[in-house]
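Welcome! Please take a look at the sequence and the structure below, and keep them at hand as you read.

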Amino acid sequence: MPEGDALYRYAKMLRPALEGNVIRAARAQGPGPVPRVEKIIGATPTRIHATGKNLLIHLDNGLVIRGHLRMYGSWEVYRPGEPWRKSPRNARLVLETASAVAVNFNAPVVELIEERALEHYSPVANLGPNLLDDGFDRDEVIRRFRDPLLAGVTIGDALMDQGIMAGVGNIWKHETLFRCGINPWRTVGSLDEQQLVDLVDMARGLLRASVGLENDLGLRRRPRAHVYKRTGQLCFRCSTRLRAGPQGNDVRHTTWCPGCQPVVPGQPEPPVRMRATRR
Ligand SMILES: [Zn+2]
């Protein structure tokens, strides 16, 4: 599942292919609504960046291409004429410059927005501070976590709420909670200020390390997963068998270590369902 770090890498990959280069040809296809490519052809991308799980390509004609990848979307860049690694049937948007072909595969959302409308456009405007940004505002994130409406929400769900802070998906949710020793079913309201600060700093450090940026954790590369997709295996740290249970509206399970992330008295018991993963 693309998380903030994956979007960051896509933006970095697309920049040399597209920024400053005229789009000579563009094609789009469904399922779902498709952007009007005649408005893209002849324009030049001026700025490409990721915010939350959106990838934004600003054009010099006042329009912005917004792609949201959800679970299965991806971007790839090819040289003209180079065979694609994925089926053209799944190409949602193709952008061709003189020297590169950028292809968006399987994104459920690809649309054109007026740049001046962007700051009021809810999928982008309602995002919390971006964990990967240099000027990341941690105090603002803590303030958002303290919204009384969130007090009863489990921290496993809240960490992925892009309206609180943008960037965490399923993998880094797992790994952040494990490394902070917090049970995913604890409620936001049960966590004190320091625990929230530690969670935010950990998520930021892991994401930044994952894309090779300097980070306060001192990590030099993408950290390995301690709990994500390791249900039924033994904890690297305490050798307890990892367990999983359903969480949130999601059909996926959250995995945790009962030894390192104990249930706190008075807090919800995780809905346990053992399930071994084959890896
Ligand atoms: Zn453990």
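The paragraphs below go from the domains to a sheet and then to a pair of helices.

A word on the model comes before the tour. It is a predicted model, in which local features need pLDDT of at least 70 and side-chain atom pairs count only at pLDDT 80 or more, while totals for chains, interfaces and linings use all residues. Residues are numbered from 1 along each chain as its sequence is written.

Let us begin with the domains. The chain is assigned domain 1 (4-125) and domain 2 (138-256), with bounds that come from an automatic or database domain assignment. Between their C-alpha centres lie 29 Å. Where the domains meet, seven residues of domain 1 are in contact with seven residues of domain 2; contact here means that the C-beta atoms of two residues, placed from the backbone, lie within 7 Å. On the domain 1 side, helix α1 (residues 4-18) gives the most, with four residues. That side divides into one nonpolar, three polar and three charged residues. In this scheme Ala, Val, Leu, Ile, Met, Phe, Trp, Tyr, Cys and Pro count as nonpolar, Asp, Glu, Lys and Arg as charged, and the others, Gly among them, as polar.

Helices and strands are DSSP runs numbered from the N terminus (helices: H or I, at least four residues; strands: E, at least two). Now find the open sheet of four strands, whose order is β1-β6-β7-β5 with antiparallel pairing. Two strands pair if DSSP finds at least two bridges between them. At the edges are β1 (25-28) and β5 (74-78), each pairing on one side only. From one strand to the next, the twist averages 15°; angles run from 0 to 180 degrees between N-to-C directions, and axes are lines fitted to C-alpha atoms, for helices over the stretch in contact. Five bridges join β5 to strand β7 (residues 101-105) in the antiparallel sense, and Tyr78 has Val101 in β7 as its bridge partner. Helix α1 returns here: α1 packs on the sheet, touching β5, β6 (91-96) and β7, and its direction makes about 35° with that of β5.

The axes of α3 (residues 138-145) and α6 (residues 193-210) come within 10 Å and cross at roughly 125°. That makes α3 oblique to α6, since angles under 35 degrees count as roughly parallel, over 145 as roughly antiparallel, 65 to 115 as roughly perpendicular and the rest as oblique. Which residues of α3 and α6 make the contact? Helix α3 brings Arg138, Val141, Ile142 and Phe145, and α6 brings Glu193, Leu196, Val197 and Val200. By class, this contact has six nonpolar, no polar and two charged residues.
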